[in-house]
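Please open the model in your viewer, and keep the sequence beside it while you follow this tour of charged side chains.

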Amino acid sequence: QVQLRESGGGSVQPGGSLGLSCAASGIIFSINDMGWYRQAPGKERELVASITSGGTINYADSVKGRFTISRDNAKNTVYLQMNSLKSEDTAVYFCNAVIHTDPRLWGVYWGQGTQVTVSS
């Protein structure tokens, strides 16, 4: 069984910074794409940033230049550094990963979500 465990998040004032991390554990053969999504109240879940196993990165336009995604393949962990936070960044942030549990079996896994609140 595969689990994604998130840490970080919390409350910060506008202009502040927060960091999130997400570690995958369990029976893992390999991990392809990893990423972060967010869902604000009354809105659909949206992609924030993603990173492939080879290091190709994609950001939502709304976070470009402010957020940085990275991963440590040896630790099966993905990170999201969020700077210059705005009130509109307030949401529940979810970690996501495409994980092979053996060479022929794969699935899309989600973390439990962590709240990020940006408010003065």
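Begin by selecting K64, which is partly exposed because its relative accessible area is 48%, a value that falls between the limits of 20% and 50%. Keep in mind throughout that this is a predicted model.

The side chains of K64 and D61 meet in a salt bridge, with 3.1 Å from N to O. As background, side chains of opposite charge can pair when their charged atoms come close.

Now move on to R66, which counts as buried because its relative accessibility of 10% lies under the 20% limit. Select D89 together with R66, and you will find a salt bridge in which the closest N and O atoms are 2.7 Å apart. This pair links distant parts of the chain, since R66 sits in the loop between β6 (57-59) and β7 (67-72), while D89 sits in the loop between β8 and β9, 23 residues apart. D89 itself counts as buried, at 0% relative accessibility.

Finally, show R38, E46, R66 and D89 at once, and you will have before you a network of residues linked by salt bridges. How many salt bridges are counted in the model? The count comes to four.

Technical notes:
Residues are numbered from 1 along each chain as its sequence is written. This is a predicted model: local features need pLDDT of at least 70, side-chain atom pairs count only at pLDDT 80 or more; totals for chains, interfaces and linings use all residues. Side-chain values use heavy atoms; hydrogens and water are left out. Buried means under 20% relative accessible area, exposed over 50%, partly exposed in between (1.4 Å probe, protein chains only). Helices (H or I, at least four residues) and strands (E, at least two) are DSSP runs, numbered from the N terminus.
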